[in-house]
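Here is my notebook from an afternoon with this model.

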Amino acid sequence: MKVCVIGGAGYIGSHAVYELIRDGHEVVVIDNLSTGKKEMVHKDAKFYLGDITIAENLKEIFKQECEIKPFDVVMHFAAKLIVPESVEQPLEYYYNNVEGVRIMLSVMKDFNIKNVVFSSTAAVYGEPEKEICEETDRTNPINPYGETKLASEKLIKWVCERYNMNYCIFRYFNVAGADESLEIGLNKDNLTHIVPVTVQTALGIRDKMIVFGNDYDTKDGTCVRDYIHVSDLAYAHVLGAKYLVNNNKSLLVNLGSNEGYSVLEIIKEVEKYYKVNYEIGERRAGDPAKLIASNNKAKELLGWTPKRNLSDIIKSDINYRIKIKD
Ligand code: UFG
């Protein structure tokens, strides 16, 4: 397949590029490098500096590439994704996340590209009604980030229906870890996610960390999440792209593990290797108590299940952070 990866210099996009290349596909990356880094792009992928919110940018690149050979699939990873930031900057989030998708779809339509793989999020479920989220559960985002992803999902569905295109929408749960080559990983300033924050504290990059609340209705009072290794998640994109090309049908699936771990369990896992200096603090606004995915649909339609467990996720994040420390 020839695959266009928009946002392929970011954390998840770059891992998807690595998995596509390992599986033997031709990859073209478009990224505006606002948060991504050029050195995260696999050396065998072709790179274009381009912005999804500038239609002319995208048209030019598509023209150049599709004249040689049209894309079989376009993948979208070019979203802003920080929940508290989305509350502060709703206009920027809607513009980048939803308008970006609209422009991408419009250019795909003009160039007659039929298949799109889209990164969505568990945040579309909001505060879930059930212990384990299924794709048919009601969606009810509780922050602008989740709303922009749900709006994009709907836009994609309507456009694909109208123009005879196919979509593969993935709702990600909590993604962490790094590629086993350690060439790529989550390498940004001011990280906020629990796995890198805990590992950074363990390695002495931070003095201490705060556990945001221990009075939730969960096994130990701290929030429970479904953790998934970024390489497992990235490989699902290869399967999703193949599904679209081979079946000419759309799908929407969760990418999670069917299992939940509490914040204290994450800390305990890291403490198998290093001491973690933490304190219990106040609840963080907008945190649901539990978010766990049913991954039965991904298994049934794509034959996908995660190959790596929490211990693998933690070990790979530790190794990556040690590598980039110096
Ligand atoms: N947490 C702490 N201390 C920290 C950081 C996080 O206690 O320093 C807690 C949070 O309060 C939460 C849990 O760890 O209970 C996980 O928090 P993250 O910030 O790591 O991740 P979120 O669950 O908030 O969100 C992530 C993605 C979303 C996605 C969601 C799906 O950022 O885009 O997973 O489950 F929707």
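**Helix H6.** I started with H6 and listed its buried residues: Ile194, Val195, Pro196, Val197, Thr198, Val199, Gln200, Thr201 and Ala202. That is 9 of the 9 residues in H6, which spans 194–202. For my own reference, buried means under 20% relative accessible area, exposed means over 50%, and partly exposed lies in between, with a 1.4 Å probe and protein chains only. Helices here are DSSP runs of H or I with at least four residues, strands are E runs of at least two, and both are numbered from the N terminus.

A note on the source: this is a predicted model, where local features need pLDDT of at least 70, side-chain atom pairs count only at pLDDT 80 or more, and totals for chains, interfaces and linings use all residues. Residues are numbered from 1 along each chain as its sequence is written, and side-chain values use heavy atoms, with hydrogens and water left out.

What do the buried residues of H6 pack against? I found strands S7 (174–176), S8 (209–212) and S10 (227–229), plus helices H8 (263–270) and H10 (310–325). Contact here means heavy atoms within 4.5 Å. After H6 comes Gly204, with a positive phi near 80 degrees.

**The sheet of 7 strands.** Next I traced an open sheet with parallel pairing, in the order S3-S2-S1-S4-S5-S6-S11. Strands S3 (46–49) and S11 (251–255) are at its edges with a single partner strand each, so one side of each has no neighbour in the sheet. Two strands count as paired if DSSP finds at least two bridges between them. On average, neighbouring strands of this sheet are turned by 20 degrees against each other, direction ignored. Such angles are taken between N-to-C directions and run from 0 to 180 degrees; the axes are lines fitted to C-alpha atoms, for helices over the stretch in contact.

I then looked at S1 within this sheet. S1 (residues 2–6) pairs with S4 (residues 73–76) in the parallel sense over 4 bridges, and Ile6 has His76 as its bridge partner in S4. Is S1 buried or exposed? 5 of its 5 residues are buried: Lys2, Cys4 and Ile6 on one side, Val3 and Val5 on the other.

Helix H7 (residues 230–247) packs on the sheet and touches S4, S5 (115–121), S6 (166–172) and S11. The direction of H7 makes about 160 degrees with that of S6.

**Cores.** I looked up the largest nonpolar core and found 39 residues, with Met75 and Phe170 having the most contacts inside it. A nonpolar core is a set of buried Ala, Val, Leu, Ile, Met, Phe, Trp, Tyr and Cys residues joined through side-chain atoms within 4.5 Å. H7 gives the most to this core, with 9 residues. Apart from it lies another core of 29 residues, including Val74, Ile103, Leu105 and Ile156.

**Two buried residues.** His15 lies in helix H1 and counts as buried because its relative accessibility is 1%. A polar atom of the His15 side chain lies 2.7 Å from the backbone oxygen of Tyr11. Leaving aside neighbours within four places in sequence, the contacts of His15 include Ala178, Asp179 and Val230.

Met104 sits in helix H4 (residues 90–110); its 0% relative accessibility is why it counts as buried. Not counting residues up to four places away in sequence, Met104 touches Ile6, Ile52, Leu58, Val74, His76 and Val116.

For Phe212, a backbone N or O atom lies 2.8 Å from an oxygen atom of the ligand.

**The sheet of 3 strands.** Last, I found an open sheet with mixed pairing in the order S12-S9-S14. Its edge strands are S12 (261–262) and S14 (290–291), each pairing on one side only. S9 (residues 224–225) runs antiparallel to S12, joined by 2 bridges, and Val224 stands opposite Ser262.

Conventions: A polar contact is a pair of N or O atoms within 3.5 Å; within protein, one must be able to donate a hydrogen and the other to accept it, and residues adjacent in sequence count only if both atoms are side-chain atoms.
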